[in-house]
Amino acid sequence: MQTGRVIESTGSWYKVDTGNEIINSRLPGKFRLNEKEVTNPITVGDIVDFVINDDGSGNIRNIHERDNYITRQATHGKRGEHILVSNLDQAFVVQSIRKPKLNEGFINRFLVTCEAYEVPAGIIINKMDLAKESDLEFVEEMQHIYSSLGYPVITCSIEDKNSIEELKTNLTDKVSAFIGPSGVGKTSILNAIDPEYDYKVGGISSFSNKGKHTTTFARLIPLSIGGYLADTPGIREFGLVNIEDWELSLYFPEMIKPREECKFNTCTHVHEPNCGVIQAFEAGEIDANRYHAYINMLESLKN
Ligand SMILES: Nc1nc2c(ncn2[C@@H]2O[C@H](COP(=O)(O)OP(=O)(O)OP(=O)(O)O)[C@@H](O)[C@H]2O)c(=O)[nH]1
Ligand SMILES: [Mg+2]
Ligand SMILES: [Zn+2]
């Protein structure tokens, strides 16, 4: 039996990287899942044990328990959740400042998911070459708010070599993931980091300013600087899964301390009396945008 890391998954075949070679592998037979309902039993990032067949392909026999993972709601009316990538040192939500316009709601839902699954998270704002004067102020404000919460905010542009070099120092020797909407430049940044890869990048629709879903499956790419980077397909919306309303504030770092002062331990910090979070918000200790992001998410959990 050999062990390796799944670096690509097309549904029926999995590319498994042993560190020395890459083995095309299958998952034979029905694989019993004793976990909760997921649409993909094996995901990019998984560590698997496999045996080699006579033709050189592999048969996966066992999946190691995941250290962590990121899921999103399954699409196309499927039930359950879809694991995007597992066993991460860190995950970055990638947004562009323009084309498409930065979506702070997406960022906040992503950060909550990372907190819930215990994945260290950061924010990358790309296409800074397109930034206008007012955008720069906005980005500075974001850097101030999010970095104080423990989420680094990295700005870059594939046109700016220095910014790519700085980004590289954050990725060296780590297993990282890029997650974000289509067209923000996830694959372009990867190509800028390791130019020999030359992965396919797409355009932006001039009509909607949205991307064209160029990357169609997740893959984990070994980096020349050490470590791996997961490039994932663009996601339109990042929905929350499996979070109870009273639980949500546990995933807002700035609410952890204030919520200890709440009278009720199932307090949702909206209208309840003697609420520590509302008090902290009113005292200006919790950023108003973040509190409103919390309220929006709370509403969305009811549907
Ligand atoms: N101006 C500018 N354009 C960029 C930058 N980075 C990427 N682009 C362009 O944005 C478009 C989309 O880039 P992709 O790398 O395909 O975006 P993606 O996030 O991988 O998109 P999906 O694979 O569809 O999820 C391409 O036309 C890129 O050339 C940047 O820093 N500045
Ligand atoms: Mg892409
Ligand atoms: Zn409260």
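D17 stands opposite I22, a residue of strand β3 (residues 22-26). The strand that pairs with β3 here is β2 (residues 14-17), and the two run in the antiparallel sense over 4 bridges. Pairing is called when DSSP finds at least two bridges between two strands, while the strands themselves (E, at least two residues) and the helices (H or I, at least four) are DSSP runs, numbered from the N terminus. Together β2 and β3 make a hairpin with 4 residues between them, and G19 in that turn has a positive phi of about 100 degrees.

A word on the source: this is a predicted model, in which local features need pLDDT of at least 70 and side-chain atom pairs count only at pLDDT 80 or more, whereas totals for chains, interfaces and linings use all residues. Residues are numbered from 1 along each chain as its sequence is written, and chains are lettered from A and ligands numbered from 1 in the order in which they are written.

Back to β3, which also pairs with strand β5 (residues 58-63), this time in the parallel sense over 2 bridges. R26 is found opposite N59 of β5. In a regular strand, side chains alternate between the two faces of the sheet. In β3, I23 and S25 make up the covered face, with I22, N24 and R26 on the uncovered one.

Next comes the largest nonpolar core, with 66 residues, where I70, V85, A91, A177, I179 and A230 touch the most other members. A nonpolar core here is a set of buried Ala, Val, Leu, Ile, Met, Phe, Trp, Tyr and Cys residues joined through C-beta atoms within 7 Å. Helix α1 (residues 104-116) is the top contributor to this core, giving 5 residues.

V85 sits in strand β7 (residues 81-86) and counts as buried because it has 29 C-beta neighbours inside 10 Å. The cut-offs are 20 or more other C-beta atoms within 10 Å for buried, 12 or fewer for exposed, and partly exposed in between, with C-beta atoms placed from the backbone. Leaving aside neighbours within four places in sequence, V85 is in contact with T43, V44, G45, Y69, I70, A177, A218, A230 and T232, contact meaning C-beta atoms within 7 Å. A91 belongs to strand β8 (residues 90-96) and is buried too, with 26 C-beta neighbours inside 10 Å.

Helix α4 (residues 186-193) gives the most to the shell around ligand 1, with 3 residues. This helix is largely enclosed by the rest of the structure, because 6 of its 8 residues are buried: K186, T187, S188, I189, L190 and A192. Those buried residues pack against β8, β9 (121-126), α3 (161-171), β11 (174-179), β12 (219-222) and β13 (227-231).

As for ligand 1 itself, 25 residues surround it, the closest being G185, T187, S188, T215 and G234; to be near, a residue needs its C-beta atom within 6 Å. The shell has 6 nonpolar, 14 polar and 5 charged residues. Ala, Val, Leu, Ile, Met, Phe, Trp, Tyr, Cys and Pro count as nonpolar, Asp, Glu, Lys and Arg as charged, and the others, Gly among them, as polar.

Definitions and conventions: Two residues are in contact if their C-beta atoms, placed from the backbone, lie within 7 Å.
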